[in-house]
Amino acid sequence: MSGVIKSLFISAIEVSYSADDIMDVFYCQNIATISRITLIPYESISGVRNRAYIGIHEWHPTEAAYNFIKRLKNDKTEAVLSK
């Protein structure tokens, strides 16, 4: 899947999830292989959260990846991942 999104920003992730956890979710759900993740903690109303900057090494050639990318590109939908 060339010419697609190369990086993602996730605005709020629970601090209990590590960079390895996030990488595993993308890989195990056959969505993408991640090259790097930077987690930056911040204080929110509901406690400490992380912001995540994610570098995409490659998208997997799967329907799951295609559907995820399609949701990312649509302003009216959310692209949600769960462990």
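**Pocket and core**

The lining of the largest pocket has 14 nonpolar, two polar and three charged residues. Ala, Val, Leu, Ile, Met, Phe, Trp, Tyr, Cys and Pro count as nonpolar, Asp, Glu, Lys and Arg as charged, and the others, Gly among them, as polar. This is a predicted model, where local features need pLDDT of at least 70, side-chain atom pairs count only at pLDDT 80 or more, and totals for chains, interfaces and linings use all residues. Residues are numbered from 1 along each chain as its sequence is written, and side-chain values use heavy atoms, without hydrogens and water.

Look at the lining by element. β1 (7-14) gives the most, with seven residues. α1 (19-28) and α2 (63-73) each supply at least two. Helices (H or I, at least four residues) and strands (E, at least two) are DSSP runs, numbered from the N terminus.

Now turn to the largest nonpolar core. Such a core is a set of buried Ala, Val, Leu, Ile, Met, Phe, Trp, Tyr and Cys residues joined through side-chain atoms within 4.5 Å. Here, 17 residues belong to the core, and Leu8, Phe26 and Ile54 are among those with the most contacts inside it. β3 (47-59) is one of the elements that supply at least two core residues. β3 gives the most, with four.

Next comes Phe68, in helix α2. Phe68 has a relative accessible area of 3%, so it counts as buried (under 20%, with exposed over 50% and partly exposed in between; 1.4 Å probe, protein chains only). Leaving aside neighbours within four places in sequence, Phe68 is in contact (heavy atoms within 4.5 Å) with residues including Leu8, Phe26 and Trp59.
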